[in-house]
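Subject: Structure for your files

Hello,

Please find the structure below. My notes on helices, helix packing and backbone angles follow it.

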Amino acid sequence: MSNERRPLIAGNWKMNKTNAEAAEFLDEFLPGAGDRPDVDVAICPPYTALRTVAERSAGTPLIVSAQNMHEREGGAFTGEVSAPMLREVGVQAVVLGHSERRQLFGETDVALQRKVPAALAAGLVPILCVGETEDEREAGETERKLRHQVQADLAEVEDDRLTQITIAYEPIWAIGTGNTATPEQAQDAIAFVRALLSDRSPAVAAGVRILYGGSVNAGNAAELLSQPDIDGALVGGASLDPGEFAAIIAAAPR
Ligand code: PGA
């Protein structure tokens, strides 16, 4: 695995944890968090807890990530938050195009086409989520969906910046359902995403970090993470508990 593909385990808290709860999590989690200096670890708290997590983890390697952002730097966009605002409170990365944003809040590929370069320009690492629904998988449409999302969402990113992006393959049928993709299904889809990136630049494709997400837990992480193209995990529910999240990090292959 090249340097650029250090494993990344990212915990997406979604709309969970107040500031007090975030602080409590970190008090338990951070003391052991240095055990795997070979693994990058990120936490994606809700906007309101970003500053708490950034301040409490200052001086540690923990990466603080937002769960979304607006593509513009400022303006009349009620309810939105911009990349410079995130940077100011110590955020280093941002999840973009999570399926919950796409399905529940109307996030479009057109918006993502602007958000990904805007995040890069602001110095944030975009964690771009892609993945198919259950119906799409059953209809044999998984590759078509992934091709469309990868091509559309990365259309405005220059080839030489692609390795600065992290992609998360998250089959929608596996998110929050307990129906984890099998290691083979995850490996195949992620290898396909990497092949799509090769169309842009073979050298770059080899260096892009691609995560799996969807019902990852301490019990299934080791097998998923041992697949050759899987460079880490985006973890939802199981990242809310410091002990379980630590166990997933410990499951990354050495
Ligand atoms: P889950 O969520 O681990 O709870 O399935 C994953 C995600 O939505 O990123």
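Helix H8 (residues 183–200) has 18 residues, which at 1.5 Å a residue should span 26 Å; its end C-alpha atoms are 26 Å apart, so the two values agree. The expected span is 1.5 Å times one less than the number of residues. Helices (H or I, at least four residues) and strands (E, at least two) are DSSP runs, numbered from the N terminus.

This is a predicted model, in which local features need pLDDT of at least 70 and side-chain atom pairs count only at pLDDT 80 or more, while totals for chains, interfaces and linings use all residues. Residues are numbered from 1 along each chain as its sequence is written, and side-chain values use heavy atoms, with hydrogens and water left out.

The buried residues of H8 are Pro183, Ala186, Gln187, Ala189, Ile190, Phe192, Val193, Arg194, Leu196 and Leu197 (buried: under 20% relative accessible area, exposed: over 50%, partly exposed in between; 1.4 Å probe, protein chains only). They pack against helix H7 (142–153), strand S6 (166–169), helix H9 (202–205), S7 and H10, contact being heavy atoms within 4.5 Å.

H7 passes the length check too: its 12 residues should span 16 Å at 1.5 Å a residue, and the end C-alpha atoms are 16 Å apart, which agrees. Thr142, Lys145, Leu146, Gln149, Val150, Ala152 and Asp153 are the buried residues of H7. Their packing partners are helix H4 (99–105), helix H5 (109–121), strand S5 (125–130), helix H6 (134–138), S6 and H8.

H1 and helix H11 (residues 242–250) pack at an angle of about 50°, with their axes 9 Å apart. H1 is therefore oblique to H11 (under 35 degrees is roughly parallel, over 145 roughly antiparallel, 65 to 115 roughly perpendicular, the rest oblique). Axes are lines fitted to C-alpha atoms, for helices over the stretch in contact, and angles run from 0 to 180 degrees between N-to-C directions. In this contact, Phe25, Glu28 and Phe29 of H1 meet Pro242, Phe245, Ala246 and Ile249 of H11.

Two backbone angles remain. Most residues other than glycine have a negative phi. Lysine 14 is not a glycine, yet has a positive phi of about 55°; it is found in the loop between strand S1 (8–12) and helix H1 (19–29). Serine 215 also has a positive phi, near 55°, and lies in the loop between strand S7 (209–213) and helix H10 (221–225). Serine 215 is buried, with a relative accessible area of 17%.

Regards
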